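Here is a short tour for a first look. Keep the view open while reading, and follow the parts as they come up.

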Amino acid sequence: MSTKEQVLMALLANPGDWLSGDQLAQQTKRSRESIWKAINALRKQGHQIESRKNRGYCYVGSRRLDANAIQIYSDQQFAGPIEVVAQTSSTQILAKTFLSHHQPRLAAFLADEQTAGYGRRGREFYSPAQTGLYFSLILPNPTNALANVGLLTTGVAVSVVNVLQRFYPNKDFALKWVNDIYLNQHKVGGIITEASLELESTSAAAFIVGVGLNLTTTDFPQALQARAQSVDPTMPVDRNQLAAALLSSLVALSKRYATADFLPIYRAKSLVLGQQITLQVGDAVVAGVAETIDEHGGLVVRMTTGERRTFTSGEVVKVGLPA
């Protein structure tokens, strides 16, 4: 571990506390000059570190995403590489490129800005710099089976909302089937789950879970202003802490999503249950009342004919008045 990484670990382990140069030198077994150089290097990376004579250094936070900080905040429990880039077309593309050169393994890819972030049906996800959290997570699929993919996506949605609730305890987040996160009837985040397919066996060697969150974004394109908002532009959070919490939660979910123990929370957070909805499935559009989410994560709809149908794919494009 480099001096810079050791200093960052020491500062993050003592948030809000002052650590003298001597203390940091003793902890890292480095010289005072090395500590000073490490502090300056961390500041150049966007870490906000205050310094005061006779008190030392105090970590305040970070304006930028940092792989080392994310790993430290996760208590070194994330057993895979974490890659952070300033800008990319899409973190999903980063993950897919990684998989094209490596055997499936746990890995995370984060970007401060996406120029072509996308969600379901290839729809663009607005991903401006510094105001959101955009990442993709590779989850190896030990069984190679494609069963229960609906449970993975719904489980990811619940996990993300649970973590957001910890960081924003006064917000009332909701879910629009299957993968949209809402606040005050406006979209604040989206989730996409894609499979890395073995074409010969039509099985999935890994899943790529993409998450996009607008945290403090205020300047949305005109076409999105009526439908999207940020979580809270007046309450910035440490994105490295949030990323670490989300990655840890999603890795834990990947080991148990088949149990479906999160479905009661998903149903309770649903915006569509009990509502008249319009659902687009491929090129077809159907309408009915969303009755429940079944044990596989499928949406059960009572059609206008009275028939009950279960959908495992599609997008709710309109939510009407309660039935």
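## A tryptophan in a loop

Is W18 buried or exposed? W18 has a relative accessible area of 18%. Buried means under 20%, so W18 counts as buried. The model is a predicted one.

W18 sits in the loop that links α1 (3-12) with α2 (21-28). Setting aside neighbours within four places in sequence, W18 is in contact with Q23, E50, S51, R52, R55, G56, Y57 and C58. G210 lies elsewhere: W18 and G210 are 192 residues apart in sequence. In space, C-alpha to C-alpha, W18 and G210 are 37 Å apart.

## Helix α2 and its cover

Which residues of α2 are buried? They are G21, L24, A25 and T28. Seen down the axis of α2, these buried residues fall within an arc of 100°, so they line one face of the helix.

Just after α2 comes K29, with a positive phi of about 60°.

Helix α5 spans residues 91-101. Its buried residues are T91, Q92, A95, F98 and L99. Why are they on the same side of α5? They cover an arc of only 125° around the axis, and this puts them on the same side.

The face turned away from that buried side carries S100 and H101, which are exposed. At the start of α5, look for S90. A side-chain oxygen of S90 reaches to within 3.1 Å of the backbone nitrogen of Q92.

## Strand β4 and its partner

Strand β4 covers residues 107-114. Seven of its eight residues are buried, so β4 is largely enclosed by the rest of the structure. Strand β3 (residues 82-88) runs parallel to β4, and six bridges join the two. E83 stands opposite F109 in β4.

D112 is another residue found in β4. Its relative accessible area is 14%, so D112 is buried. Which side chain does the side chain of D112 meet in a polar contact? The partner is the side chain of R239, at 2.7 Å. Not counting residues up to four places away in sequence, D112 touches L65, V85, A86, P128, A129, Q130, Y134 and R239.

## A129, past the strand

A129 belongs to the loop between β4 and β5 (132-140). At 33% relative accessibility, A129 counts as partly exposed. Neighbours within four places in sequence aside, A129 is in contact with D112 and E113. A129 and V158 are 29 residues apart in sequence. Their C-alpha atoms are 26 Å apart in space.

Helix α6 (residues 149-167) has 19 residues. From its first C-alpha to its last, α6 reaches 28 Å, close to the 27 Å expected at 1.5 Å a residue. The helix is mostly covered, with 14 of its 19 residues buried.

How many residues has the largest nonpolar core? This core has 63 residues, and V160, W177 and I181 have the most contacts inside it. Ten residues of this core come from α6, the largest share. Leaving aside neighbours within four places in sequence, V160 is in contact with I181, I191, V211, L213, L246 and L250.

Where is Q229 placed? Q229 is in the loop between β9 (203-214) and α7 (239-254). With a relative accessible area of 19%, Q229 is buried; the limit for buried is under 20%.

Q229 touches residues from several stretches of the sequence: L183, N184, H186, K187, V188, N214 and F220. Residues up to four places away in sequence are not counted in that list.

Note on methods
Residues numbered from 1 in each chain as written. Predicted model: local features only at pLDDT ≥ 70, side-chain atom pairs only at ≥ 80, totals over all residues. Heavy atoms only, no water. Helix = DSSP H or I, 4+ residues; strand = E, 2+ residues; numbered from the N terminus. Expected span 1.5 Å × (residues − 1). Buried < 20%, exposed > 50% of the residue type's maximum accessible area, 1.4 Å probe, protein only. Arc of directions from axis to C-beta. Polar contact = N/O pair within 3.5 Å; in protein donor to acceptor, adjacent residues only side chain to side chain. Core = buried A, V, L, I, M, F, W, Y, C linked by side-chain atoms within 4.5 Å. Contact = heavy atoms within 4.5 Å. Pairing = 2+ DSSP bridges.
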